[in-house]
Amino acid sequence: MVPDIGRGSRTHGLLVYLYGPGRREEHTDPHLVGSWDGFAPDPGRDTSPDPDPKVTLARLTAALDLRVKQAGDRAPAKHVWHCSVRTAPGDRHLSDEEWNTVAQRIVQATGIAPDGDLDGCRWIAVRHAEDHIHIVATLVRGDLRRPRMNYDFNRAQAECRRIEKEMGLRRLNAGDGTAAKNPTSAEKFKAERTGRTETPRETLRDAVRQALAGTPTEEEFFTRLHETGMRVKVRTAPSGDLLGYNVALPGDRNRHGEPIWYPGSKLAPDLSLPKIRLRLADGPSEQTTPSSSEGRPEWSAPARARRSATGIAEHAAVLLDSEDDQEAAAQLVGAGELLDALAQTCPAATRAELAAAARAFERATRSHIRAEHAETRALRSAARGIIQAGGALGRGEDGGTTAMLLSTLVLLTLAAAHWHSARNHAQQAHAARQAAHHLRTAYRQAATAPLRTLNDQGSALPEAERRTHQTTIRTALSESGLQADRSTVNTDALAATLAQVEKAGHDPKALLQQALDMRELDTAENVNDVLVWRLRRLAHLPSRPTEPFRGRWAGTTARPGTSAVTTRTTVEPLHRPPRR
């Protein structure tokens, strides 16, 4: 059950809408299900001998506004309190009597009309659909004072959670006051009317988040923000110091033809200028552009940036298992920036799913646990490296390293969901799981081609060598308490990777065990896929070889008949701390 609260100044105009056909002819049988005294005139069910809905509507408006007119100048400018209450999809349809009970409980909980208070505000509840009602109240009491309504939205939310439990409705996730403000009904209708797929508030929130991803300084943040094409207005003190900023979507204007400005704090709690300054205080680490040591020199900058980010994201997932909540909360903030950076630079095939993942995970980056922003430096550096490297192609090494990073980000977002669930952050845990779902879809799109190539290479291995590597895989997984996936495609891809690991001068058994020890794999949808990408990153192998592997990679030394020994890379294992 979802309450949505707004305030206005036109009682009659709101009632005309509620009793009218609706913007899309969706209103059916509008009528009262409850009122302050149970005897309010009902334009939808007028039983007088010669009913005139317009006359009855005027009578209802006058009755609701009576105390407002009596209060005169003491009445608030926005004296109309409007709350729509909607059941969740799949819930049973409530009767008029049940909706009356819901309305009474909400006006009591919010302070509109406390139980037993004869001077409570006047209110009505209108039903014009099966799944929701609209509560309308005027904010002047019988004693001509204003009602005490602090935190009315939070109180309405809490009461809805109790109603859900008592009426056997779907129990929605409780909020903690850290969510971004949802678009209002007026903003949604305006977006629909103007042909936009989302409201300006949502578009601007995404633009500000993406401008912030990996930004080292306040100046660069504002430069990036201007480059998005959004209108930007800054607020300064008499001393010239910057106090805040507002953004507006070009072409989005009010009835007076003026731009509709949104301050950062109204887009999301952590997008106010003071909160942004806290995040930028420690900045990303100095090395932001991955060097060729992150892979073979001929690999593109986007490919190297994604390889570097993969290792940092792996480590962030490990840190979410640590005892330090502030450090873990910082990893979530950094992971959000990494997703925002990737959504801006990803290939077209995965862009929609990555944008959806970044938007969903935004909710998982905030809770009442204060992030230690110094701990975000590595992830913010990875985000900056991806931005600096520019857009990646959807093919070759760029496409393969995108799949490599996405495979790790799925595990990172699932680790975030586990972390939030353990702390009863229901909305954040749900948001992290949503992000993981979108990332899995994007991963499947990105990984199809490189895994097909690896599968072809695995099936082309000599049978004896292929069986040897498959035995290594089964033994290692069994000793780790895991079961090998039965898919021949994925087994062949992992066998091909182990063969290439061996030719590159590594011990395949040791490196496979190191990949298994990096973090738990219980949440992985496909263990073999995860191990393929971990091994290829650890051994600096191409993520998508274009031809069968025929020799050693640069940087290894070996003589015919001897084991190759790598002189380029020593990989330290990441041991995960014990779970609590």
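Predicted model: local features only at pLDDT ≥ 70, side-chain atom pairs only at ≥ 80, totals over all residues.
Is aspartate 29 buried, partly exposed or exposed? I began with this residue, and at 43% relative accessibility I count aspartate 29 as partly exposed. I found aspartate 29 in the loop between H1 and strand E2 (31–35), where the residue has a positive phi of about 50 degrees although it is not a glycine.

**Entry: the model as a whole**

The mean pLDDT of the chain is 86, and 88% of the residues reach 70 or more. Over residues 547–580 the pLDDT stays under 50, and for this stretch I read that the model has 62 contacts beyond four places in sequence. I found 19 helices and ten strands in the chain, and of its 580 residues 53% are buried. Among the contacts with a separation of 6 or more, 72% are accounted for by residues 24 or more positions apart.

**Entry: cysteines**

How many disulfides does the structure hold? I found zero. For cysteine 160 I looked up the closest cysteine sulfur, which belongs to cysteine 83 and lies 6.9 Å away, too far for a bond, because a disulfide needs the two sulfur atoms within 2.5 Å. Cysteine 160 counts as buried, at 0% relative accessibility, and cysteine 346 is also buried, with a relative accessible area of 3%.

**Entry: helix H5 and what follows**

In helix H5, which covers residues 185–193, I noted Glu187, Phe189, Lys190 and Ala191 as buried. The buried residues of H5 pack against helix H1 (11–19), H6 and strand E8 (262–263). Just after H5 I came to glycine 195, which takes a positive phi of about 80 degrees.

**Entry: helix H9**

Which residues of helix H9 (residues 273–280) are buried? I listed Leu273, Ile276, Arg279 and Leu280. Looking down the axis of H9, I saw that its buried residues fall within an arc of 115 degrees, so they line one face of the helix. As a general point, an α-helix has 3.6 residues a turn, so residues three or four places apart point the same way. I then looked up what covers the buried residues of H9, and the cover includes helix H6 (200–212), helix H7 (218–227), strand E7 (242–248), helix H11 (325–345) and helix H13 (377–389).

**Entry: threonine 408**

I found threonine 408 in helix H14 (residues 396–422), and at 7% relative accessibility threonine 408 counts as buried. Leaving aside neighbours within four places in sequence, threonine 408 is in contact with Thr310, Ala313 and Glu314. I also noted that the C-alpha atoms of threonine 408 and valine 530 are separated by 7.4 Å, although these residues are 122 residues apart along the chain.

**Entry: arginine 466**

Is arginine 466 buried or exposed? With a relative accessibility of 15%, arginine 466 counts as buried, because the cut-off for that word is under 20%. Arginine 466 has its place in helix H16 (residues 463–479), and its C-alpha atom is separated by 8.3 Å from that of alanine 499, 33 residues apart along the chain.

**Entry: leucine 494**

I placed leucine 494 in helix H17 (residues 488–503), where the residue is buried, with a relative accessible area of 0%. Beyond its neighbours within four places in sequence, leucine 494 is in contact with Ile473, Asn528, Leu531, Val532 and Leu535. From leucine 494 to leucine 535 I read 8.8 Å in space, C-alpha to C-alpha, for 41 residues in sequence.

**Entry: helices H18 and H19**

At what angle do helix H18 and helix H19 pack? I found an angle of about 115 degrees between helix H18 (residues 508–517) and helix H19 (residues 527–538), with their axes 9 Å apart. H18 passes H19 in a right-handed crossing. The contact is made by Leu511, Leu512, Gln514, Ala515 and Leu516 of H18, together with Leu531, Arg534, Leu535 and Leu538 of H19.

I ended with histidine 540, in the loop between H19 and strand E9 (556–557). Histidine 540 has a positive phi of about 55 degrees although it is not a glycine, and at 11% relative accessibility histidine 540 counts as buried.

Terms used
Residues numbered from 1 in each chain as written. Heavy atoms only, no water. Buried < 20%, exposed > 50% of the residue type's maximum accessible area, 1.4 Å probe, protein only. Helix = DSSP H or I, 4+ residues; strand = E, 2+ residues; numbered from the N terminus. Arc of directions from axis to C-beta. Contact = heavy atoms within 4.5 Å. pLDDT = per-residue confidence, 0-100. Axes fitted to C-alpha atoms, helices over the stretch in contact; angles between N-to-C directions. Left-handed = near helix turned anticlockwise from the far one by under 90°.
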